[in-house]
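Here is a short report for a reader meeting this structure for the first time. Please look over the sequence and the model, then read on.

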Amino acid sequence: MLGITNGFLIDRNLTFTASRAKLESPYVLADAVRIREVLVNILSNAVKFTNDGGTIHFETDYRPGEDDRHIVVRYCISDTGVGMTEEFL
């Protein structure tokens, strides 16, 4: 994921941090293209709407799924950007 953000952060004074949970099994059946597409879109918006001097944090973790063959992965992106107004929400 860090490779994806490097292009977004060129010529920006932003602090980017990431913390990723280590999966017990590195093999996951998922639509990697769509997951990447969504994460790149969210991260690019975080960069676009965060003023220079701000921070962006990317975090992943997981928990067990319905059975021992499944997990639920959570992606959390937070930033110090302008956010959304109550009216917009």
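## Strand pairing

In strand 2, Glu59 is the bridge partner of Ser19. Strands, like helices, are DSSP runs numbered from the N terminus: at least two residues (E) for a strand, at least four (H or I) for a helix. Strand 1 covers residues 15-20 and runs parallel to strand 2, with six bridges joining them. Two strands pair if DSSP finds at least two bridges between them.

Strand 2 also joins strand 3, through nine bridges, and these two run antiparallel. A hairpin of six residues links strand 2 to strand 3. Ile56 has Asp79 in strand 3 as its bridge partner. Thr60 stands opposite Tyr75 in strand 3.

## About the model

This is a predicted model: local features need pLDDT of at least 70, side-chain atom pairs count only at pLDDT 80 or more, and totals for chains, interfaces and linings use all residues. Residues are numbered from 1 along each chain as its sequence is written, and side-chain values use heavy atoms, with hydrogens and water left out.

## Overall layout

The protein chain has two helices and three strands. From the N terminus on, the order is α-β-α-β-β. Its C-alpha atoms fill a box of roughly 45 × 35 × 20 Å, taken along the principal axes.

Of the 89 residues, 17% count as buried. Buried means under 20% relative accessible area, exposed means over 50%, and partly exposed lies in between (1.4 Å probe, protein chains only). The chain exposes about 7,100 Å², and carbon and sulfur atoms supply 53% of it. These areas come from the Shrake-Rupley method with a 1.4 Å probe; for residues, only the protein chains shown count as cover. Among contacts with a separation of 6 or more, 62% are between residues 24 or more positions apart. Contact means heavy atoms within 4.5 Å.

## The nonpolar core

The largest nonpolar core has nine residues: Leu9, Leu14, Phe16, Leu39, Leu43, Ala46, Val47, Ile56 and Phe58. Helix 2 and strand 2 each supply at least two residues of this core. Helix 2 gives the most, with four. A nonpolar core is a set of buried Ala, Val, Leu, Ile, Met, Phe, Trp, Tyr and Cys residues joined through side-chain atoms within 4.5 Å. In soluble globular proteins, nonpolar side chains tend to be buried together.

## A nonpolar surface patch

Val28, Ile35, Ile71, Val73 and Tyr75 make a nonpolar surface patch of about 370 Å². Patch residues have over 30% relative accessible area and no salt bridge; like charges are joined within 9 Å, and nonpolar side chains (Val, Leu, Ile, Met, Phe, Trp, Tyr) within 5 Å. A salt bridge is a side-chain nitrogen of Lys or Arg within 4 Å of a carboxyl oxygen of Asp or Glu.

Strand 3 (residues 71-79) gives the most to the patch, with three residues. Tyr75 lies in strand 3. Tyr75 is partly exposed because its relative accessible area is 38%.

## Two loop residues

Thr50 sits in the loop between helix 2 (32-48) and strand 2 (55-64). Its relative accessible area is 1%, so Thr50 is buried. Beyond its neighbours within four places in sequence, Thr50 contacts Arg12, Leu14, Thr55, Ile56, Asp79, Thr80 and Gly81.

His70 is in the loop between strand 2 and strand 3. His70 counts as partly exposed, at 43% relative accessibility. Leaving aside neighbours within four places in sequence, His70 is in contact with Pro64 and Gly65.
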